[in-house]
Protein chains: 2
Amino acid sequence: MKLYSQEILDDLCDDAAELDLLVSQMKDLMVGYVNEGRKPGAIVVEHKPPEELKKLIDLDLPYAGIGIPGLMPMLQNILRYSVNSWNPGFMDKLYAGTNPVGVVTEMLIALLNANSHVYHVSPVLTLMEDCVSEKLAKLLGMGERSGGITCPGGAFSNQLAMLTARNYLFPEIKTKGYCNLGKKLTVFTSSAGHYSVEKTGMALGLGLDNIIKVPCDDQGRMRPDELERLIIQSLERKETPFFINATAGTTVLGAFDPLKEIGKIAKRYNLWFHVDGSWGGSLVFSDKRKHLIEGSSLADTFVLNPHKLLGTPLQCSFILASDRRIFKQTNSLGAQYLFHEDSKYDLGDGTVGCGRRPDAIKLFIGWKIYGILGYKKRIEHAFKMAEYLTNLVKNNSKFKMVLEDPPNLQVCFWYIPEGMKILDREENENEKKYQIWKEQMALVTKEIHKRLRERGRFLFDYSPLVLNGKELPSFFRVVINAPSINEHYLDELVKEVERAGEGVLKYLEENKNFQNGLRSENHNTNGIRNMNGNGYVNYNGVLGKIGIANGNSTNNNEINDFIIANIIN
Amino acid sequence: MKLYSQEILDDLCDDAAELDLLVSQMKDLMVGYVNEGRKPGAIVVEHKPPEELKKLIDLDLPYAGIGIPGLMPMLQNILRYSVNSWNPGFMDKLYAGTNPVGVVTEMLIALLNANSHVYHVSPVLTLMEDCVSEKLAKLLGMGERSGGITCPGGAFSNQLAMLTARNYLFPEIKTKGYCNLGKKLTVFTSSAGHYSVEKTGMALGLGLDNIIKVPCDDQGRMRPDELERLIIQSLERKETPFFINATAGTTVLGAFDPLKEIGKIAKRYNLWFHVDGSWGGSLVFSDKRKHLIEGSSLADTFVLNPHKLLGTPLQCSFILASDRRIFKQTNSLGAQYLFHEDSKYDLGDGTVGCGRRPDAIKLFIGWKIYGILGYKKRIEHAFKMAEYLTNLVKNNSKFKMVLEDPPNLQVCFWYIPEGMKILDREENENEKKYQIWKEQMALVTKEIHKRLRERGRFLFDYSPLVLNGKELPSFFRVVINAPSINEHYLDELVKEVERAGEGVLKYLEENKNFQNGLRSENHNTNGIRNMNGNGYVNYNGVLGKIGIANGNSTNNNEINDFIIANIIN
């Protein structure tokens with residue numbers, strides 16, 4: 001074995017033959033794996049905690065290599081204990097499994113081992129990046145001069161957006177830093193915005209205190225009236241508001257901030273208008289759904305991750321600007337000695353990175369093969385399936401939706417085990433009792449989640465959430481994305497949760513210090529499951545108004561410390 | 001064609017069959033491409049300027065997709081006009097082509113479509129990342145608690161290093177930003193350090209003015225005496241020095257900063273000691289060469305990119321710390337609601353990103369297959385070949401080395417065309433004359449580079465450089481990295497440059513406004529090619545002392561504005 005490996009190492013001209021052999025073997029492994037993932041009843045992952053898993057995989061890194069013959073057995077073992085994202089039951093994150101075209105595109109990228117920082121080492125890939133970015137920006141209505149580039153993920157795209165805005169608006173910071181700037185820059189994002197906006201504010205040295213969280217309405221959307229109020233407050237404090245992040249598709253609930261209204265406010269106060277459409281931006285490919293991101297044309301910068309809803313392989317994230325030249329203009333160090341002439345196409349110069357994977361071609365190739373039409377079908381299938389699951393959940397008395405009408409492809413719900421005590425109005429207003437109840441509901445969700453994970457047929461996450469100032473107990477978030485999801489899988493999903501929920505209350509009472517006093521024999525008489533026709537739960541103040549927001553909520557002042565939980569994506 | 005594509009799209013259960021078909025077709029394309037790249041005399045890239053290339057590739061993005069049958073012809077066309085990095089003549093960047101094991105690893109990553117931000121969606125990949133990071137840090141001697149994570153490229157790794165240092169040393173900046181901090185933070189990096197250190201300082205809001213460039217010696221290494229002097233100066237100005245970036249393997253010359261001495265200075269003044277070993281860090285795998293990075297054990301953070309010298313696919317960049325917990329401790333927003341319990345293995349929490357490609361397994365799998373021994377052989381082969389090329393160049397009177405003895409795998413040289421005027425001492429000291437001469441030599445290099453690019457058999461970059469305060473004319477930088485480089489290719493390379501150099505001076509005189517007055521009939525009587533035994537060129541002050549630095553240079557004050565050029569990598 002060692003000899004064979006040594007032969008391969010020594011005979012360096014044999015790369016083509018070795019590649020032939022390995023890709024053939026890998027192909028069989030791959031096809032088998034996809035088939036496995038699509039088998040009815042297949043598990044998504046054989047879950048093992050770290051210490052246990054360490055015993056099942058070989059983590060020894062040797063002095064003398066195990067050689068080529070050791071490769072396939074190792075890969076097989078990696079696959080065995082990994083999450084099979086080809087399984088439609090993988091609904092844990094905003095991305096799903098990819099598709100054969102995606103896999104082959106990655107093979108191309110690997111074959112080329114190309115770096116798309118400068119044109120002369122990646123000519124075709126650079127032109128494709130430039131072209132697909134432009135098309136995407138124009139599809140979003142960002143104007144004649146719009147276009148963009150890719151970054152390694154939505155968080156880095158958001159970072160580049162804020163950095164570009166800051167460098168453009170305050171070029172002196174580039175050279176002098178903040179020292180003696182005499183300005184306190186502030187950023188506005190909704191309480192449901194992605195945490196990368198905060199991390200960026202922290203990284204850029206603005207300080208988390210200066211990332212101002214705008215309250216959301218009861219559907220998890222940024223409230224424009226609150227935004228404006230907070231901008232005015234910030235100005236009154238003699239701060240310098242400069243950047244608004246609106247979210248098109250929040251991480252937990254999938255909510256769409258009202259881009260048009262927010263965009264107008266941004267213009268009114270002369271702030272940079274950034275849209276984090278990492279998740280929801282892809283709806284631009286669907287005639288039927290693109291109204292949800294109406295106002296995208298007002299954005300100064302817009303982030304869109306095709307690796308989420310469009311199924312390109314991870315990662316593929318675009319940062320688009322109404323003026324495509326702005327990245328280079330504001331972020332380049334102006335070093336002619338780094339980038340030779342014709343540097344218009346040296347895309348790396350506009351980023352804070354250096355080497356770059358040519359991620360853009362994943363969308364370029366996908367778009368070419370599937371067309372806008374293909375993506376549109378994919379999106380509409382997903383919405384149909386989300387609606388199907390929503391109806392299953394709504395019509396099952398053991399479940400309760402978090403939002404009755406999900407705005408997007410996340411279906412969020414609780415499982416209410418039989419006999420679970422639901423607080424009445426008086427108990428709800430008793431902070432201590434509510435806390436105990438909330439923790440117990442969270443334990444129920446967590447226990448069921450644990451059981452589901454052990455069974456392994458479905459993988460979806462859970463999350464707590466603060467809505468209208470009230471902390472909600474953890475609930476399930478099922479993400480509908482993969483085109484392979486069908487009605488059958490969703491029927492199974494609901495049954496699987498019910499199965500996992502069997503006896504959960506009894507188990508918790510016996511093992512987890514559940515307070516029996518809060519248990520109710522008849523959980524349907526009062527509480528969480530009773531709703532009137534207006535979509536109000538009958539104990540407004542616990543879950544707040546569940547239904548369609550009217551934007552005129554009367555208790556504006558109560559939601560100051562509103563924080564939405566992010567499931568990381 | 002459209003029908004077939006539609007069938008595939010509609011029949012979503014057919015992914016396995018489609019994958020089977022496409023990977024088979026792709027395999028043939030790949031094997032053919034590698035064979036093509038290894039054919040004697042094959043060109044690296046058919047160079048086309050952007051406007052011309054746009055006519056040769058199909059950049060139309062359609063409403064209705066072209067369907068699966070259109071995929072392979074499109075990929076074929078991409079390959080046709082792309083840089084073939086399997087060709088040993090690709091010596092343009094610090095990375096080379098990858099290898100079959102690398103390609104198959106990327107296939108695995110694509111198949112899994114995995115995200116290594118949290119353990120529960122990438123259990124095996126997370127453990128492998130944790131394990132290989134730890135092994136790497138310990139190999140570098142960074143201590144019992146050392147370890148790390150990957151970032152999407154060396155620039156982002158450097159960014160995370162500086163951010164971590166800043167957040168650790170000045171935690172108040174995380175929340176309050178720099179406003180009212182009352183401290184001006186300063187960073188030290190050599191004039192030859194990578195530009196990502198400056199970009200990071202700019203991004204983090206420190207300001208480029210506060211990134212203090214430490215002069216290098218005549219071999220391009222940071223001068224510890226100058227570093228200490230500049231730290232003291234900064235302290236005297238009541239600034240707050242906090243971060244030193246030392247470079248192990250600079251971008252142009254490949255120089256190694258003296259890590260041990262710099263590390264001691266860092267400890268003395270209580271500064272964070274970061275080593276950018278993106279390029280040179282991999283020498284830790286070679287007994288024979290690892291003395292070049294002696295002092296790595298003193299680093300607080302260390303960046304190492306296996307995608308360069310170890311041949312893993314792009315990208316694979318590690319940021320290692322003497323205390324592996326520090327990334328999470330300093331950069332997490334402490335959000336329990338984002339990362340569930342057991343978050344020790346949720347590696348994304350320590351970064352400023354969110355989703356992450358599992359880049360670490362590229363090194364894990366490579367290490368497993370090749371072993372330390374395999375990497376060591378690869379490195380030693382590269383050094384042997386660099387030495388071979390150096391000797392070819394030194395023994396050819398038409399060439400002139402930039403450093404007589406390259407410290408690393410970059411062989412940098414000028415081609416001096418017959419009849420090229422070399423300035424005598426008096427002319428050298430005439431600033432105007434020197435400028436004209438420098439520009440002419442730069443034109444020679446550029447013209448030859450252009451010709452080489454048109455011929456396409458070799459692709460290597462050129463760069464200007466400021467050494468000891470004097471701007472050197474652009475020269476060629478040939479990077480020796482790929483294991484497929486052998487003596488034959490290097491013989492050919494030298495011949496190819498000679499061929500491209502034929503008639504260059506005449507051409508430039510006729511077309512590029514060359515000043516004939518600076519032309520000399522006998523270019524060997526005086527000037528650049530005459531050296532005495534001590535390695536001094538005979539007009540010290542132009543190229544300065546070329547040879548082994550003694551650290552006691554007498555003209556310390558003359559190299560204040562020393563700037564080294566970076567070829568981007």
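Predicted model: local features only at pLDDT ≥ 70, side-chain atom pairs only at ≥ 80, totals over all residues.
Student: Is the crossing of α14(A) and α4(B) left-handed or right-handed?
Tutor: Look at how α14(A) passes α4(B) in the model. That crossing is right-handed.

Student: Which residues of α4(B) meet α14(A), and how many residues of the contact are nonpolar?
Tutor: Good thing to look up! On the α14(A) side you will find A:Phe364, A:Ile365, A:Lys368 and A:Ile369. Facing them in α4(B) are B:Leu71, B:Met74, B:Leu75 and B:Ile78. Sorted by class, the contact has one charged residue, no polar ones, and the number of nonpolar residues is seven.

Student: Which residues of α14(B) are in contact with α4(A)?
Tutor: Start with the helices: α4 of chain A and α14 of chain B cross at roughly 145°, and their axes come within 11 Å. The crossing is right-handed. From α4(A) come A:Leu71, A:Met74, A:Leu75 and A:Ile78, and their partners in α14(B) are B:Phe364, B:Ile365, B:Lys368 and B:Ile369.

Student: Is A:Lys308 buried or exposed?
Tutor: This residue sits in helix α12 of chain A, residues 306–309. An unreviewed UniProt entry annotates A:Lys308 as "modified residue: N6-(pyridoxal phosphate)lysine". Its relative accessible area is 7%, and the cut-off for buried is under 20%, so A:Lys308 is buried.

Student: Why does A:Ser116 count as buried, and which residues is A:Ser116 in contact with?
Tutor: A:Ser116 belongs to the loop between α5 (100–112) and α6 (123–139) of chain A. It counts as buried because its relative accessibility is 1%. Setting aside neighbours within four places in sequence, A:Ser116 is in contact with A:Ser122, A:Glu129, A:Leu347, A:Gly348, A:Arg356, A:Arg357 and A:Pro358.

Student: What share of the residues in chain A is buried?
Tutor: Let's view the chain as a whole. Chain A has 18 helices and 11 strands. Of its 569 residues, the buried share is 67%.

Definitions and conventions
Residues numbered from 1 in each chain as written. Chains lettered and ligands numbered in written order. Heavy atoms only, no water. Left-handed = near helix turned anticlockwise from the far one by under 90°. Helix = DSSP H or I, 4+ residues; strand = E, 2+ residues; numbered from the N terminus. Contact = heavy atoms within 4.5 Å. Nonpolar A, V, L, I, M, F, W, Y, C, P; charged D, E, K, R; others polar. UniProt positions renumbered as here; feature names shortened; annotations may be inferred. Buried < 20%, exposed > 50% of the residue type's maximum accessible area, 1.4 Å probe, protein only. Axes fitted to C-alpha atoms, helices over the stretch in contact; angles between N-to-C directions.
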